[in-house]
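Have it open beside you and take the points in order.

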Amino acid sequence: MINNILAFFLNKIIPLKMRFRDILSHGENNIFCGSANILSIDKSVQIKLGKESTFFCKFILEKPNAVIQIGDNVYIGASNIYCASNIFIGNNVLISWGVKIYDHNSHSLTPEDRIYDIRLAGNNVRNGHSLTLNKNWNNVATEPIYIMDNVWIGMDATILKGITIGENSIIAAGSLVTKDVEPNTIVGGNPATIIKKL
């Protein structure tokens, strides 16, 4: 049993830290487990982690100079965090599995730009590159996300660009968050609306 646990940590934690040491900075006692991974466009991106946190998630940094900053005592389940600009997550935040966080729209509102994106992505994959290599971000809306201290985000929730979730708030499972959430508030639904003030 001890050998299996040791093998798990050697295979999962050490390679992740070593592979991404140029872009990943963090304090003590962080654990990267399961499917935890980092996908980055280049070495100009940054992930800044506090301490004593557990990560099963994928960090996907899609644009040069993108920054993800996370505080202390955070748990992120098997979720995807897509960053082209800036995502800030405070202390004592609990993010369940299946959560998707996007600080951008992914594509332009113009059909011609989206057609170009499809062709570019296909060519990139065929040539063994990232989907977003050489992507034109000029016409893609991007806004930072702020998830403040003590927030709980339930499973399968989606957080869209430009959102601030106030401290102590709860996002119900399956919610689509399209507007800021006040501190000490429970929201839920699609789109998420106030269920209760705490």
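1. The protein chain has two helices and 20 strands, where helices (H or I, at least four residues) and strands (E, at least two) are DSSP runs numbered from the N terminus. This is a predicted model, in which local features need pLDDT of at least 70, side-chain atom pairs count only at pLDDT 80 or more, and totals for chains, interfaces and linings use all residues. Residues are numbered from 1 along each chain as its sequence is written, and side-chain values use heavy atoms, with hydrogens and water left out.

2. Of the 198 residues in the protein chain, 39% are buried, meaning under 20% relative accessible area with a 1.4 Å probe, protein chains only.

3. Look next at the end of the numbering given here: β19 (residues 185-188) and β20 (residues 193-197) pair in the antiparallel sense over four bridges; pairing needs at least two bridges found by DSSP. I186 stands opposite K196 in β20. Four residues lie between the strands of this hairpin, and G189 takes a positive phi near 105 degrees.

4. Which elements each supply at least two residues of the lining of the largest pocket? They are β3 (37-40), β6 (58-61) and α2 (111-126), and α2 gives the most, with four residues.

5. That lining has 20 residues, with I60, E62, S130, L131 and T132 nearest the pocket's centre. A pocket here is an open set of points on a 1 Å grid over the protein atoms alone where a 1.4 Å probe fits, with protein on both sides within 12 Å along at least five of seven lines; lining residues have an atom within 4 Å of a point.

Note on methods: Buried means under 20% relative accessible area, exposed over 50%, partly exposed in between (1.4 Å probe, protein chains only).
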